[in-house]
Amino acid sequence: MCGRYDLSQNPAAIKAHFRVPAVPDFLASLDVRPTELKPIVRLASDGGRKCVLARWGLVPSWAKDLKFGNRCINARVETIATAPAFREAYVKRHCLVPLNAFFEWSGEKGHRTKWRVRLQDEPLFALAGLWEWWRDPATHEGIETYTIITTEANAVLAPLHDRMPVIVGAADYARWLEAGADSATLLVPYPSEALKVESA
């Protein structure tokens, strides 16, 4: 799973890397947690890319409250096409989740080691995500929410956890965002040799 990540990059770097017109102000963090508002990159109505702030923990339009998203911070690649919470977003609403690293833990409870996982040659990269728009039935206020897709761990991460987030290479950003039929081929473990795992 992916339950924490590092997004300490500034808005200018995100704007340049993801080729978006603007990046909203956000609180950079070495320890992003579920329910926080952080930048995601998605397609705009005109077909271009747009960076928006969204709440981590996907909430489908039919959910009664935001708490639904607390159990939807991750979406398993094996079930995203059929799970009620994710299936519509999987067809229509893909996003990229910018980050500098994600975290995993190993060891026994009370003696766990925190590991920081990043790309070997890129300080900023993206995870595959899905986004939704939810409107509060009481106040009619709307909010965008997102989830991070996970797949089976690659060889370097398997000793730490059996799952890992899906990393999207920069050359595949457009293909993932367009949500075409071939985007499913991107939902695979990232090559082990491209990752750097270090004690956090």
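The model is predicted, so local features are given only at pLDDT of at least 70 and side-chain atom pairs only at pLDDT 80 or more, whereas totals for chains, interfaces and linings use all residues. Residues are numbered from 1 along each chain as its sequence is written, and side-chain values use heavy atoms, with hydrogens and water left out. The chain holds 3 helices and 13 strands, where helices (H or I, at least four residues) and strands (E, at least two) are DSSP runs numbered from the N terminus.

**Overall dimensions**
- A compact globule of 200 residues would have a radius of gyration near 16 Å, and the 16 Å of this chain agrees with that; the radius is taken over C-alpha atoms, and the globule rule is 2.2 Å times the number of residues to the power 0.38.
- Along its principal axes, the C-alpha trace spans about 45 × 35 × 35 Å.
- Of the 200 residues in the chain, 47% are buried, a term that means under 20% relative accessible area, with exposed set at over 50% and partly exposed in between (1.4 Å probe, protein chains only).
- Among contacts (heavy atoms within 4.5 Å) between residues at least 6 apart in sequence, 64% join residues at least 24 apart.

**The open sheet**
- An open sheet is formed by 5 strands in the order β2-β1-β7-β8-β13, with antiparallel pairing; two strands pair if DSSP finds at least two bridges between them.
- The edges are taken by β2 (29-32) and β13 (195-199), and because each has a single partner strand, one side of each is left without a neighbour in the sheet.
- From one strand to the next the twist averages 30 degrees, with axes fitted as lines to C-alpha atoms and angles running from 0 to 180 degrees between N-to-C directions.
- Strand β1 (residues 5-7) runs antiparallel to β2 and is joined to it by 2 bridges, and L7 stands opposite S29 in β2.

**Strand β9 and its partners**
- Strand β6 (residues 94-99) pairs with β9 in the antiparallel sense over 6 bridges, and L99 has F125 of β9 as its bridge partner.
- Strand β12 (residues 167-168) is also antiparallel to β9, over 2 bridges, with L127 opposite I167 in β12.
- With strand β10 (residues 142-152), β9 forms an antiparallel pair over 7 bridges, in which E132 stands opposite T145 in β10.
- The hairpin of β9 and β10 has 6 residues between the strands, and H140 takes a positive phi near 70 degrees there.
- Because 9 of its 11 residues are buried, β9 is largely enclosed by the rest of the structure.

**The largest nonpolar core**
- The largest nonpolar core has 62 residues, of which Y5, Y146 and W176 touch the most other members; such a core is a set of buried Ala, Val, Leu, Ile, Met, Phe, Trp, Tyr and Cys residues joined through side-chain atoms within 4.5 Å.
- Strand β9 (residues 125-135) supplies the largest share of this core, 7 residues.

**T147 in strand β10**
- T147 is found in strand β10, and its 0% relative accessibility is why T147 counts as buried.
- A polar atom of the T147 side chain lies 3.0 Å from the backbone oxygen of C72, and a polar atom of that side chain lies 3.3 Å from the backbone nitrogen of N74.
- Leaving aside neighbours within four places in sequence, T147 is in contact with residues including L58, F86, A128 and L130.

Note on methods:
A polar contact is a pair of N or O atoms within 3.5 Å; within protein, one must be able to donate a hydrogen and the other to accept it, and residues adjacent in sequence count only if both atoms are side-chain atoms.
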